[in-house]
Amino acid sequence: MQQRELGKSGLQVSGIGFGCMGLSYGYGPAAERQSAIRLIQMAVEQGVNFFDTAEAYGPNEELVGEALAPFRDRVVIATKFGFRHGDAHAGLDSRPERIRKVAEQSLERLKTDRIDLFYQHRPDPNVPIEEVAGAVQDLIRQGKVKHFGLSEAGPETIRRAHAVQPVTALQSEYSMWWREPEAEILPLLEELGIGFVPFSPLGKGFLTGAISESTQFDASDFRNTVPRFTPEARAANTALVDLLADIARRKQATPAQVALAWLLAQRPWIVPIPGTTKPHRLEENIGAAAVRLAPEELSEVNAAIARVPVQGDRYSADRQKLVGR
Ligand SMILES: NC(=O)c1ccc[n+]([C@@H]2O[C@H](COP(=O)([O-])OP(=O)(O)OC[C@H]3O[C@@H](n4cnc5c(N)ncnc54)[C@H](OP(=O)(O)O)[C@@H]3O)[C@@H](O)[C@H]2O)c1
């Protein structure tokens, strides 16, 4: 697997990482524990060395820590702080004392002595970002954290944070059907030498073609609350998946692989973190690292995407308030 450097931080990771959230949280019932551990280990065996989790993903850090313990020195573990009581629905809390506490608890749950990349999950309007960056800087000085990251932060926050403690990576949503970061964020990251980690790179599964208008999600599945996933929006957005399937046929690849290859082709410091609960899909997603889109193919794909307007917001109104500040 190709390695990529996250910006100019010196942190090298596999070109495709593994988002572990869905094994425990967000997309219906958690995966069976032993199969989830085995799946994470299969990712390592297939060349993935970059794993993403968070305090707010239920028992996910424990799972990731147990699975990766035998490989600890070969992998990069990223986790996140920033929600009150570690609950994504309980409000924000990035007070320095809370950050210190989460770091201690995450180290314990991950069964490790350092967090390779510690992201603020969402900017907290009640805590100046300089204080957040300062708190993470102290943890870096103590050796408990190696790198600082932000998630869904706006340009001003990124600049202010980076001035206190260099930011290694921004993790925000980016994919063929959510291209907002291209306007301001990617040029800013280029300027500052910060890496970019697109989450939901497969459009929460939609871009793979595996979800249709009639797909029923489990009652606990987060996608039931996403306007872009109403049956009407899904029916309208199928045009984008059809387009992807067409390109995939020509590239002898799958739609999921083209969606990931498209992200990799945008900048050399972009590292997507697709998530899956299934071994065959893990292998398929890793295979995207070998799919190359030439510049003329990229232009053709971009022109085609631009002709397909996407229906529905990516977040419900209450979740939307938390991003881009
Ligand atoms: N910073 C943040 O605020 C934030 C927010 C969301 C996510 N994240 C991180 O980003 C990671 C990835 O995001 P995500 O899980 O939302 O989205 P994603 O990777 O775009 O999509 C995951 C979904 O796609 C399905 N899928 C994966 N590979 C597939 C394939 N090859 N063919 C068909 N279906 C496939 C999975 O279902 P199966 O399990 O059934 O395969 C799952 O439902 C998360 O795990 C998490 O670590 C961060």
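By class, the shell around the ligand divides into 11 nonpolar, 12 polar and 8 charged residues. The model is predicted.

The shell holds 31 residues, and the closest are Tyr27, Asp52, Thr276, Thr277 and Lys278. Next, colour helix α9, residues 279-287: with 3 residues, α9 gives the largest share of the shell.

Which atoms lie 2.6 Å apart at Asp52? They are an oxygen atom of the ligand and an N or O atom in the side chain of Asp52. Move on to Gly275, where a polar backbone atom is 2.9 Å from an oxygen atom of the ligand. At Gly203, a polar backbone atom is 3.3 Å from a ligand oxygen atom. Switch to a surface view: the ligand taken alone exposes 910 Å², and the protein buries 93% of that.

Show side chains where the two helices meet. On the α7 side, pick Leu244, Ala245, Ile247 and Ala248; on the α8 side, pick Pro255, Val258 and Ala259. What classes of residue make up the contact of α7 with α8? There are 7 nonpolar residues, with no polar and no charged residues.

Note on methods. Residues numbered from 1 in each chain as written. Predicted model: local features only at pLDDT ≥ 70, side-chain atom pairs only at ≥ 80, totals over all residues. Heavy atoms only, no water. Contact = heavy atoms within 4.5 Å. Helix = DSSP H or I, 4+ residues; strand = E, 2+ residues; numbered from the N terminus. Nonpolar A, V, L, I, M, F, W, Y, C, P; charged D, E, K, R; others polar. Near = heavy atom within 4 Å. Polar contact = N/O pair within 3.5 Å; in protein donor to acceptor, adjacent residues only side chain to side chain. Areas by Shrake-Rupley, 256 points an atom, 1.4 Å probe, with all protein chains shown as cover.
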